[in-house]
Amino acid sequence: MSKLHVSTIINGEPTEFLCDGRQTVLDVLREQLSLTGSKEGCGSGDCGACSILVDGRLVCSCLMLGAEAEGKSIETIEGMASGEELHPLQKKFVEMAALQCGICTPGVLVASKALLDRNPDPTETEVRYWLAGNLCRCTGYDKIVRAVMDVAAEMRETAR
Amino acid sequence: MTDIKYAAPDTIEEAVAILAAANGSGRVLAGGTDLLVQLRAGIAKPGTIVDVKKIAEMTTITETDGAFRIGAAVSGAVIGEHEALRTLWPGVVEAINLIGSTQVQGRASPGGNLCNASPAADSVPAMVAAGATVTIQGPDGRRELPVEKVAAGPGRTNLAKGEIVVSFTLPKRPKGSGDAYLRLIPRTEMDIAVVGCGVSLTMDGDTCTAARVGLGAVAPLVLLVEDAAKALVGSKLDDAALEAAAEACRAACKPIDDKRGTIVYRTKIAGVLLKRATAIAAERARSH
């Protein structure tokens, strides 16, 4: 089986990997690069637990082939904190206990950051629709949405 | 599990050649939101995957003299951010943007939605109403097809071996035109249409001078309902004209009974959505 050689940038680091034609980016992240923060929930793009950014665009890494990462810039949950310093969203999720079992949390955080990067002042409806592709089977949506709204307000205050 | 050959050519000619050489086992990859799901489920067993996202013509939106050409592999998210398209074809854009979640929008394309050939594909009734044509390239060169002629049945297309849908062309719009797409689902989003209805109108004052109606999820194919359009053209979109158009939609329905809706329900809703989508399209037409 001939492997494809892929050069990409992951969380700012030039990264190379080998994959076969049916491996997804999620497979590569978790199994080859040991970046296990992105989770596999459904494997069919319904749950959002594997959310990543590709060239700034929010996608499900289970619905993208590893080979497609060639030349792309990928951001995963592992790149969200700066060293030991958690991102404001991560801090707020801890503070407000906006998680229960935690499986959906990396995807929710990546998706929420993507929202706030493009819309620093979302309405609750906008947050809920943006995160409609991130399923939480503990059904902790209310705390998640409140945490995102809180962080948005704080980040706007800081930016002022 | 068999190996899959992955190719990401820069030109449409190369893509066609690779696909044609794959002898029926090739699949085109745009956003992958259908293909990768089918691959995982074992429904699709391609020997070769041809990723078309390095082909400029398939990944860009261009405007020439008021007509838009949308690359078949442009993502829903990119289409939704295109100001000029949103202004002139809000119905087409909202139909595309209804497909899946934010994550799915980051990848899913109108070309994939069309070629997946689901009768419930959201973008297709809006494209049919818009009078969109698709440009197809294959081993024998290029051809154009009206968008409603691409699907052959659920999951099947009229594309020949090696043919690829390259782009959609939305025609130049006369002044006073507007379009709309509505679908019925039991929740507010992230579901598959029970019925979908696209309407595109041109208004001269209060009189409708041109109309096209597309209906989805009520037959094996997305339908162009010409009788509904005829009922609207020449009218002032009064109750009688709207009822005649709704009746034409109901008459065109050949739906199935399934968990999403019964035959009776889908048929009734087709008429309801026609009236509501027409009202929105007319409002938009008047403000243009």
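**Entry 1: domains of chain A**

I looked up the domain assignment of chain A and found domain 1 (4-79) and domain 2 (88-159). I noted that the model is a predicted one. The centres of these two domains of chain A, taken over C-alpha atoms, are 22 Å apart. Next I checked how they meet. In chain A, 14 residues of domain 1 are in contact with eleven residues of domain 2. On the domain 1 side, strand E3 (residues 51-54) of chain A gives the largest share, three residues. I sorted that side by class and got seven nonpolar, five polar and two charged residues.

**Entry 2: domains of chain B**

I then turned to chain B. Its assignment gives domain 1 (5-51), domain 2 (56-170) and domain 3 (177-283). I followed up the pair formed by domain 1 and domain 2 of chain B, whose centres over C-alpha atoms are separated by 18 Å. Twelve residues of domain 1 of chain B touch 19 residues of domain 2 of chain B. Which element gives the largest share of the domain 1 side? I found helix H1 (residues 12-21) of chain B, with five residues. By class, this side of domain 1 of chain B has seven nonpolar, four polar and one charged.

**Entry 3: where the chains meet**

I asked how many residues of chain B are in contact with chain A. There are 22 of them, and they meet 25 residues of chain A. On the chain B side, the elements that give two or more residues are strand E1 (5-7), helix H2 (35-41), strand E3 (48-51) and helix H6 (102-105). I noted H2(B) as the source of the largest share, four residues. The classes on this side of chain B are nine nonpolar, seven polar and six charged residues.

**Entry 4: Tyr6(B)**

I picked one residue of chain B to follow. Tyr6(B) sits in strand E1 of chain B. Is Tyr6(B) buried or exposed? I found 22 other C-beta atoms within 10 Å, and 20 or more count as buried, so Tyr6(B) is buried. I listed its contacts, leaving out residues up to four places away in sequence. In chain A, Tyr6(B) touches Leu4(A), Gly21(A), Leu65(A) and Ala67(A). In chain B, Tyr6(B) touches Ile49(B) and Asp51(B).

**Entry 5: two helices of chain B**

I looked at helix H5 (residues 90-97) and helix H8 (residues 123-130) of chain B, which pack at about 165° with their axes 8 Å apart. An angle over 145 degrees counts as roughly antiparallel, so H5(B) and H8(B) are roughly antiparallel to each other. The crossing of H5(B) past H8(B) is left-handed. From H5(B), I wrote down Gly91(B), Val92(B), Ala95(B) and Ile96(B). From H8(B), I wrote down Ser123(B), Ala126(B), Met127(B), Ala129(B) and Ala130(B). This contact has seven nonpolar, two polar and no charged residues.

**Entry 6: two helices of chain A**

Helix H2 (residues 88-95) and helix H5 (residues 141-159) of chain A pack at about 135°, with their axes 9 Å apart. H2(A) and H5(A) are therefore oblique to each other. H2(A) passes H5(A) in a right-handed crossing. On H2(A), the contact uses Pro88(A), Leu89(A), Lys92(A) and Phe93(A). On H5(A), it uses Ala147(A), Asp150(A), Val151(A), Glu154(A) and Met155(A). I counted classes here too: six nonpolar, no polar and three charged residues.

**Entry 7: loop residues and a lysine**

I checked backbone angles last. Most residues other than glycine have a negative phi. Ser34(A) is not a glycine, yet its phi is positive, about 55°. Ser34(A) lies in the loop between helix H1 (25-32) and E3 of chain A. With 8 C-beta neighbours inside 10 Å, Ser34(A) is exposed. Thr139(A) also has a positive phi of about 55° without being a glycine. I placed Thr139(A) in the loop between helix H4 (124-130) and H5 of chain A. Thr139(A) is exposed, with 8 other C-beta atoms within 10 Å.

Lys268(B) is partly exposed, with 16 other C-beta atoms within 10 Å.

Definitions and conventions. Residues are numbered from 1 along each chain as its sequence is written. Chains are lettered from A and ligands numbered from 1 in the order in which they are written. This is a predicted model: local features need pLDDT of at least 70, side-chain atom pairs count only at pLDDT 80 or more; totals for chains, interfaces and linings use all residues. Two residues are in contact if their C-beta atoms, placed from the backbone, lie within 7 Å. Ala, Val, Leu, Ile, Met, Phe, Trp, Tyr, Cys and Pro count as nonpolar, Asp, Glu, Lys and Arg as charged, and the others, Gly among them, as polar. Axes are lines fitted to C-alpha atoms, for helices over the stretch in contact, and angles run from 0 to 180 degrees between N-to-C directions. Angles under 35 degrees count as roughly parallel, over 145 as roughly antiparallel, 65 to 115 as roughly perpendicular and the rest as oblique. A crossing is left-handed if the near helix is turned anticlockwise from the far one by less than a right angle, and right-handed if clockwise. A residue is buried if 20 or more other C-beta atoms lie within 10 Å of its own, exposed if 12 or fewer, and partly exposed in between; C-beta atoms are placed from the backbone. Domain bounds come from an automatic or database domain assignment.
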